[in-house]
Amino acid sequence: MEKGKSVDAQLDEESPSEKKLKRKDYERELKRLHVELVKLQEWVRHAGKKICIIFEGRDGAGKGGTIKAITARVSPRIFRVVALPAPTEREQSQMYIQRYLPHLPAGGEIVIFDRSWYNRAGVERVMEFCSEKQAERFLKIVPDVEKAIIDSGVILIKYWLEVSPDEQTRRLEARIDDGRKIWKLSKMDLKSYTRWDEYSRARDEMFAATDTPWAPWYVARSDDKRKARLNIIEHLLSRIPYTEIKREKVKLPKRHVASISERETHSFKFIPEPH
């Protein structure tokens, strides 16, 4: 992030092409990137690397869709997605970041946080779930915590997905009458929606305090979901020095499939087939 300027000011200075990416072109590029993500996966597994990826942004910014695009063709045993629910009463009494630490990657793992410890600097601060003093203390200490995480061998990459007010409104309105998406629109989301300016200020203060040389923030414009997903995956791959692990060519071995007359039969309970 450029020092001394808000995200909004920087976004106003440089506007991306408004030309929409066609689905066919998107799917072709995504297929290519999926191949690279599999190469990354095999390198992480083989070399025992530890990678932690954080996704933050407002409601409707496209975090979930981006994470699904990343993980669609890889192993969930290596690419692990963490989306923690609201803290329990016990967790509320713990050191704030304590509930996140057990989810950090071990060797051979890539952990993706769908919202992270930065909840304290964002939603908790804006929605007054924590005090200003608690938020300010978090912003003061988190750079050192992230330095310790990185010093332990973790590759830490932080993304903020930036959606415009109009596009956020369009996406949230689309959830109202869509039975597939209505679960994404809670009372808290509606209350949060009214606090655009408060979120902007919280975001800018978060960047000012935690955009460090060892753990910088990367901002992705997300009004065009397809472009955002491709751009983020391209950037993610560029930030990790993976190499392709050579694999032996796979050839299926021979097998024998018994005929019906050669095996005992069983009366299977097939499901109805309306389609």
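Modeller: Ground rule first: buried means under 20% relative accessible area, exposed means over 50% and partly exposed is in between, using a 1.4 Å probe and protein chains only. This is a predicted model, where local features need pLDDT of at least 70 and side-chain atom pairs count only at pLDDT 80 or more, while totals for chains, interfaces and linings use all residues. Residues are numbered from 1 along each chain as its sequence is written, and side-chain values use heavy atoms, with hydrogens and water left out.

Colleague: Okay, how many helices and strands does the protein chain have?

Modeller: Helices (H or I, at least four residues) and strands (E, at least two) are DSSP runs, numbered from the N terminus. By that count, the secondary structure of the chain comes to ten helices and five strands.

Colleague: And what share of the residues in the chain is buried?

Modeller: The C-alpha trace spans about 75 × 45 × 45 Å along its principal axes. Of the 275 residues in the chain, the buried ones make up 40%.

Colleague: In what order do the strands of the sheet line up?

Modeller: Two strands pair if DSSP finds at least two bridges between them. The five strands pair in parallel. They form an open sheet, and the order is S2-S3-S1-S4-S5.

Colleague: Which strands stand at the edges?

Modeller: An edge strand has a single partner strand, so one side of it is left without a neighbour in the sheet. Here those strands are S2 (79–82) and S5 (217–221).

Colleague: Is S1 largely enclosed or open, and how many of its residues are buried?

Modeller: S1 (residues 50–57) runs parallel to S3 (residues 109–114), joined by six bridges, and S1 also pairs with S4 in the parallel sense over eight bridges. S1 is largely enclosed by the rest of the structure, because its buried residues number seven of the eight.

Colleague: Now H3. Which of its residues are buried?

Modeller: H3 covers residues 63–71. Its buried residues are Lys63, Thr66, Ile67, Ala69 and Ile70.

Colleague: How wide an arc do they cover around the axis?

Modeller: The arc is that of the directions from the helix axis to the C-beta atoms. These residues sit on the same side of H3, because the arc they cover is only 160°.

Colleague: What do the buried residues of H3 pack against?

Modeller: Contact here means heavy atoms within 4.5 Å. The packing partners include strands as well as helices: S1, S2, S3, S4 (154–162), H2 (23–47) and H10.

Colleague: Zooming in on Ile67, which residues does it touch?

Modeller: Ile67 lies in H3 and counts as buried, at 5% relative accessibility. Ile67 and Ile112 are 45 residues apart along the chain, yet their C-alpha atoms are separated by 7.7 Å. Not counting residues up to four places away in sequence, Ile67 touches Phe55, Val81, Ile112 and Asp114.

Colleague: What about Arg99: with which side chain does its side chain make a polar contact?

Modeller: Arg99 sits in the loop between H4 (89–92) and S3, and its relative accessible area of 10% makes it buried. Its contacts beyond four places in sequence include Leu84, Pro85 and Gln94. A polar contact is a pair of N or O atoms within 3.5 Å; within protein, one must be able to donate a hydrogen and the other to accept it, and residues adjacent in sequence count only if both atoms are side-chain atoms. At 3.4 Å, the partner side chain is Glu91.

Colleague: On to H7. Within what arc do its buried residues fall?

Modeller: In H7 (residues 165–176), Glu167, Gln168, Arg171, Leu172 and Arg175 are buried. Seen down the axis, these residues line one face of the helix, because they fall within an arc of 130°.

Colleague: And which H7 residues are exposed on the other side?

Modeller: The buried residues have a cover that includes H8 (187–193), H9 (196–210) and H10 (225–238). On the other side, the exposed residues are Asp166 and Glu173.

Colleague: Last one: what is the relative accessible area of Glu136?

Modeller: Glu136 is found in H6 (residues 132–151). Glu136 is partly exposed, and its relative accessible area is 46%.

Notes. Expected span 1.5 Å × (residues − 1).
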